[in-house]
Amino acid sequence: MDPACTNAEPALPTSRGPLSEAVIAALAATPGTEGAVAAGAVGTDPLGADHQLALLLCYELHYMSFHGVDPQWEWEPELLRLRGRLERSLLAELRDRVRSSADDAMTALDAIDTAPAGGRGIGDHLLGGGTWEQACEYFVHRSIYQLKESDPYAWLIPRLRGDVKAALAAVEFDEFGAGRGVRVHAHLFERLLDAAGLDPTYFAYLDAVPSSTLLVANVATLFGLHRSLRGAAVGHFAVTELTTGPGARKLERALDRLGAPEACIEFYTEHVEADAVHEQVLRHDVVAPLLAAEPELDADVAFGVAVTGFVEDAMAEDILACWDADRSSLLRPL
């Protein structure tokens with residue numbers, strides 16, 4: 001079956017603690033009701049599951065939202081104030097934990113590009129002896145972001161000008177299927193899930209993934225939503241395109257070794273081919289001219305590069321630690 005792209009709104013998830021429970025309760029109420037957002041002070045671990053789910057719930061109102069949630073919640077001032085506190089806490093934590101290894105953005109990108117091979121990542125594990133069940137678990141982790149792949153970067157387009165805007169929009173045009181709905185990358189991931197015998201519905205596995213997986217999706221939206229973080233968003237986009245191709249090549253080979261369905265392999269083949277071009281466009285036609293025009297964004301772009309590596313590594317480390325211990329990396333094993 002080739003699943004059609006759908007606009008079905010997902011169900012609200014199960015809470016991960018008092019903060020996300022309060023947000024879920026608010027979204028089930030009527031916007032504007034006095035005291036509806038009874039979340040209190042934000043004292044949760046910014047990288048923990050409760051904080052990350054609460055933030056994702058706020059963010060998703062700008063995407064697909066949730067079944068039964070009043071659309072007015074998207075711009076409800078009380079909820080936006082809570083979201084702001086969540087974001088400030090997360091940003092402070094990231095700035096404290098993440099230090100760019102380079103003084104400028106282009107050097108940071110070069111360091112990513114020339115990093116020595118041999119590091120053990122998800123692709124290395126699956127290529128070297130991982131199982132089909134582990135590959136399916138990885139698909140589940142990736143589904144939280146991949147089913148809205150590149151959507152957060154669309155917010156960058158009205159914040160850029162001239163050739164930089166045109167170049168970034170050209171990359172986004174490819175990500176969104178170059179005018180063909182069946183080639184939209186998010187739809188290709190739906191086909192991957194379906195071919196693997198998994199549920200391709202948006203957020204079908206939200207209750208199954210840990211906080212590090214939620215963090216990967218949340219950081220992309222955090223950077224994309226804020227004009228003040230547009231430099232970090234560009235850095236995020238650039239390093240994602242720069243690293244996806246080599247990673248996809250390993251996964252392509254790993255899935256071939258495992259005898260995966262063609263639709264699963266096709267998703268990664270598409271990224272090997274597309275991102276080889278996108279990498280060069282982002283580096284030379286977006287980042288370089290953006291910094292020439294707005295040199296004050298250099299540190300922000302470098303921060304975006306560093307944070308992307310941090311959150312991706314955190315998710316991979318969590319998954320691999322579980323697999324090394326011979327247990328599922330999901331909260332709800334398949």
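Reply: H6 and H11 cross in a left-handed way (the near helix is turned anticlockwise from the far one by less than a right angle; clockwise would be right-handed). The model is predicted, with local features needing pLDDT of at least 70 and side-chain atom pairs pLDDT 80 or more, while totals for chains, interfaces and linings use all residues. Numbering starts from 1 along each chain as its sequence is written, and side-chain values use heavy atoms, without hydrogens or water.

H6 spans residues 132-146, and its axis lies 13 Å from that of H11 at an angle of about 55 degrees (axes are fitted to C-alpha atoms over the stretch in contact, and angles run from 0 to 180 degrees between N-to-C directions; helices are DSSP runs of H or I, at least four residues, numbered from the N terminus). The pair is therefore oblique (under 35 degrees is roughly parallel, over 145 roughly antiparallel, 65 to 115 roughly perpendicular, the rest oblique).

From H6, Trp 132, Tyr 138, Phe 139 and Gln 146 meet Cys 264, Phe 267 and Tyr 268 of H11 (contact means heavy atoms within 4.5 Å). Six of these residues are nonpolar, one is polar and none is charged (Ala, Val, Leu, Ile, Met, Phe, Trp, Tyr, Cys and Pro count as nonpolar; Asp, Glu, Lys and Arg as charged; the others, Gly among them, as polar).

Now for the other partner. The axes of H8 (residues 185-195) and H11 (residues 262-293) come within 7 Å and cross at roughly 150 degrees, which means that H8 runs roughly antiparallel to H11. This crossing of H8 and H11 is left-handed. H8 contributes His 185, Leu 188, Phe 189, Arg 191, Leu 192 and Ala 195, and H11 contributes Ala 263, Cys 264, Glu 266, Phe 267, Tyr 268, Glu 270 and His 271. By class, the contact of H8 with H11 holds eight nonpolar, two polar and three charged residues.

Definitions and conventions. Helices (H or I, at least four residues) and strands (E, at least two) are DSSP runs, numbered from the N terminus.
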